[in-house]
Amino acid sequence: MRRTVAVGIVIVFIVSLTAILGAPGRSLAQSTDVTSKSIGKVYVTKSSYVEFLDPHLTQWGKNNVLTFKIRLFNGGQSVIDLLRYGITVSTAAGGSSNALRQQDEGGTTKVLPQAGKDYVFYAVVPNTAALEGIRLGVKEWNIDYPGFSKTTGSVKIPAGYADTVPEGSARLSQMQGNQVRLSAAEFYTYETAGEEIYTVTFAAESRGNQPVKLPEYSFWLQAGSGELYPLEAGTDNKDELNPKAKRVYDLHASLPKTARSSSFKLLAGAKEEEMNLITDVFALLPAKAWNKLAAVNQKAYYIRPDEAQLSIAAEPLYFAESDLPQMKVGTEIVLKNIGKQAIKAPVLGYFLEIDGLYYPLSLEGSGPPATMGALEQLTAVVSADIPKSLKSRSMRLMVTKSLGKSDDPVYRPLLKLPLEKSEDAEHAKTLTIAKSATKDGTPYTLNLGNVMGYTEGGTRVIQGTLTLANTGVNSIKLPEFRVMGITGQKYKYEGKLAEGEGEGRLSPQATMRRVIKIEVPLNVNLTGFQIVIEEPIRQEGGELYRSVANFTLPDLENTQLAGSGWVYFSNGSGDFKIRRTSTLRLPANGKDALVSEFELYSGGYAAVPLPEFQATYCIDGAAVKAEAFVLDKVLGASPDRPVSVQVVATIPYSTAGGEMTVLLGRSEDNQNSNVAQFAIPKADSLKSYREGDTYTLDITGGESEIQLYQVLVYPGPAEDMIEIELVQRNLNKRSTVSNPLTGYLGTADGMYYPLEYESGSGAAIKYGGAAIQTLSGKVPKGTRPETLKLLLGVPVNGNGIVESGARAEAYVKPAIYSLMEERKSGNNGLANLNAGPYSLTLSNVAAKWTSTYSGAIEFNARLFRDTAFDDFDGKHKIVIRVENGGEVITQREFGLNTDDDNSFTLTNGKFQVEGISTGNAGPLVQFKVYLSYKGGLKLLSTQTAALPAAP
């Protein structure tokens, strides 16, 4: 079974690992075994005794801690209890103290007949004390003895006693009546930016017949000068050791660079009461730096990161070329569980060794699975960024086990092996020879044909058709191919491969055709040009690719595509001709919009379905993706009426003008091909209009014409709102909807202020009918309308016309108007007031008291149309205020010819404004008339009205 997944850790920092010290640990098979060292026995009865074993002395603050084992052997016929005896420690300087027993949770102090049991004791001694000369004693507790105790005997640690297991040796220890072999090995080191990292393994191997509960070990690394550094365990280990089983502790420590030492020891023990209780000390062979490890060169490679053995293999290295100083290099690693049982998947780290430097190889894709089944195979793609200057150097793969935390890992080396570099695929000499490849074990062929070269704008294009055929019996999903063009001078150019049908899936015996395009500079010699088809080494994609097929081409014949004027092209539906008519640069949403219009005709005698277009602008060599769409509401192109094709893109408004082209392409059956690249010598100018001019929107299915009607100014405290009223007339005999508009107000110094569009009440506008539409926006206070230009057009996005300018990416069919002065009401008092497209006349204004305490202003009102129209919005209102001494007493809002009862109409009506009281009105009040729109108020007229005497 094979799974393609990542099987290691991705380290998130780049670090150069520099060699520093020594040699690796000796293998356990070569080591010698030493037993526990007995200092002596003290008999507590004729047949029972206390034996003292393996004393160790460790500095603790200003004192030393003495740790040792005792073995209580019961040679009698009844149970004895350790609590009956005390253990004493005496130093050469004098003074005696009682030793403390290490806590043993769940342990017993009772020893059965003809059995023995080991215990760990410790005591604090002066820092001047040495092992040699320390006396260990036993006393028996009994209330019948003077002082409740009696000394039974003692032993003295002899001169020359050594508490350290020699380098490369192991210790045979007794645990719960079973022999356990303890050893330290595999001592390695590497250097990071700020620390030296040391890794070492500690192993416990059972040689008994019963399960053994291992101590809760703590570990330290002791430098030759005596400093202790805690060692962290890289993995969680169970505390129970089965018969004949082995536990390996992966240990690591980080040391300051200033703490270099020529020798180290591994100390094993436990922590109690903040003291380090050392039970075993192992001298370590000098730590070996990573670059001192020899690379193994053999047919097959194996690693044992944990208990299970795995096979490992690596493909040749693949390189991603780059013009930058760095380049990406990577390989695919195959890991296989060769055992018959499922195992926990290891967490590995990979490094690339070049000239003694180590570059971490990052895993591409998901993390490792939780387990590996029996004989299961996993693949991982790993890569690193290296200096391009190192490409020619020898490279090796360092395989490590990842220890520590996932966000700050440490690595123990497992294997170093040499790596080959991928070689170029064999070059074909004939264009039409089919190449063979496999995907997931299924064979398929690749054939390149219909190859041609032509110039397009400022580049040369090589185009061809790649035919893929599935020659196997299973369906396959084709890789995400990459196309590269390589010149005879070895310059490389990445090409494009059109998408195929069926999401890239190829059925047995089926074929698929895909169009290849590669662009190269005009001055490139195409003699010996090669097209290379590559696939990513990782199925999900990435930067590293392997060659699938390589085609060497004969000299390519150059053909010229039209750059201006009419261009003729065909698809499966028929023939077409197209030309560019204009390109405009317009302000749009804080950017600039490039808007090009094309005329499309059928190239034959009948209408043909519209093709699907794509487009790209090129400005001084920079490509800008554009949206191409048909503006007209038609299904096909006819030979006698043009279809408007719009190509729209947005660019930063600060983009300087330069050489500009637009590349128009088409898509058919998931195949993309270019129609032509059109040169744009310069952006065209907008057509200007003045008051009274007619601006025609020639959109098939949405024909209309627009005239500028009037400009209104609504003063504000810091900004004025300018409203432009337009008359749009419907010229389409079937449509009843007007075209939406969007626009900007422009100043002479290049400032643009966006305008909001109001379409009207939404009533249907029949052929020949007109609607009053408004555009409004804020400008600095005091700005005169006649100093501004109105830029307007039809709002669009990539799908065509949109109803709201707020959702528009740009606008098409634009025009620019010179605005007139604001139209003001006449000096006729309350007659002929400017109420948008209406004139408002108020008459018979009179004040009266309607009760003892309140009164009202009564008046007549009538609207007159100032121009012919069928629809106007309902957001314009007339506000009438009654003021006294500058304070508003009351006000009322009235609609303009709406269905609301509170609205002025085209017939004369009587209205009143209530809310006058005797407490807030004098003999005279001011009657003010305002036009209200979007929160703005425009004063139309003021008249004084006299109030009769209060009742």
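Some ground rules. The model is predicted, so local features need pLDDT of at least 70 and side-chain atom pairs count only at pLDDT 80 or more, while totals for chains, interfaces and linings use all residues. Residues are numbered from 1 along each chain as its sequence is written, and side-chain values use heavy atoms, with hydrogens and water left out.

Strands here are DSSP runs of E, at least two residues, numbered from the N terminus. Two strands pair if DSSP finds at least two bridges between them. This sheet is open, its order is 8-7-12-13, and the pairing is antiparallel. At the edges stand strand 8 (96-98) and strand 13 (149-156). Each has a single partner strand, so one side of each has no neighbour in the sheet. From one strand to the next, the twist averages 30°. That angle is taken between N-to-C directions, on a scale from 0 to 180 degrees, with axes as lines fitted to C-alpha atoms. Look at strand 12, residues 135-141. Seven bridges link strand 12 to strand 13, in the antiparallel sense. Within that pairing, L136 sits opposite V155 of strand 13.

Next, strand 31, residues 357-364. How many of its eight residues are buried? Six, so strand 31 is largely enclosed by the rest of the structure. Buried means under 20% relative accessible area, exposed means over 50%, and partly exposed lies in between, with a 1.4 Å probe and protein chains only. Strand 31 has an antiparallel pairing with strand 30 (residues 348-354), over five bridges. Y350 faces L361 of strand 31 there. The hairpin of these two strands has two residues between them, and D355 takes a positive phi near 55°. Strand 31 also pairs with strand 33 (residues 377-387), antiparallel, over three bridges. In that pairing, S362 is opposite S383.

Strand 72 (residues 887-896) and strand 73 run parallel, joined by two bridges. G895 has S903 as its bridge partner in strand 73.

E883 is in strand 71, residues 877-884. Is E883 buried or exposed? Buried, at 7% relative accessible area. Its side chain makes a polar contact with the side chain of K928, at 3.0 Å. A polar contact is a pair of N or O atoms within 3.5 Å; within protein, one must be able to donate a hydrogen and the other to accept it, and residues adjacent in sequence count only if both atoms are side-chain atoms. Beyond four places in sequence, E883 is in contact (heavy atoms within 4.5 Å) with residues including V888, I889 and Y930.

A615 and E627 are 12 residues apart along the chain, with C-alpha atoms separated by 6.4 Å. Among the contacts of A615 beyond four places are V647, L663 and L664.

Last, phi. Most residues other than glycine have a negative phi. Which way does Q176 go? Its phi is positive, near 50°, and Q176 lies in the loop between strand 14 (170-175) and strand 15 (178-191). N897 also has a positive phi, about 55°. N897 is in the loop between strand 72 and strand 73, and at 28% relative accessibility it counts as partly exposed.

Technical notes
Helix = DSSP H or I, 4+ residues; strand = E, 2+ residues; numbered from the N terminus.
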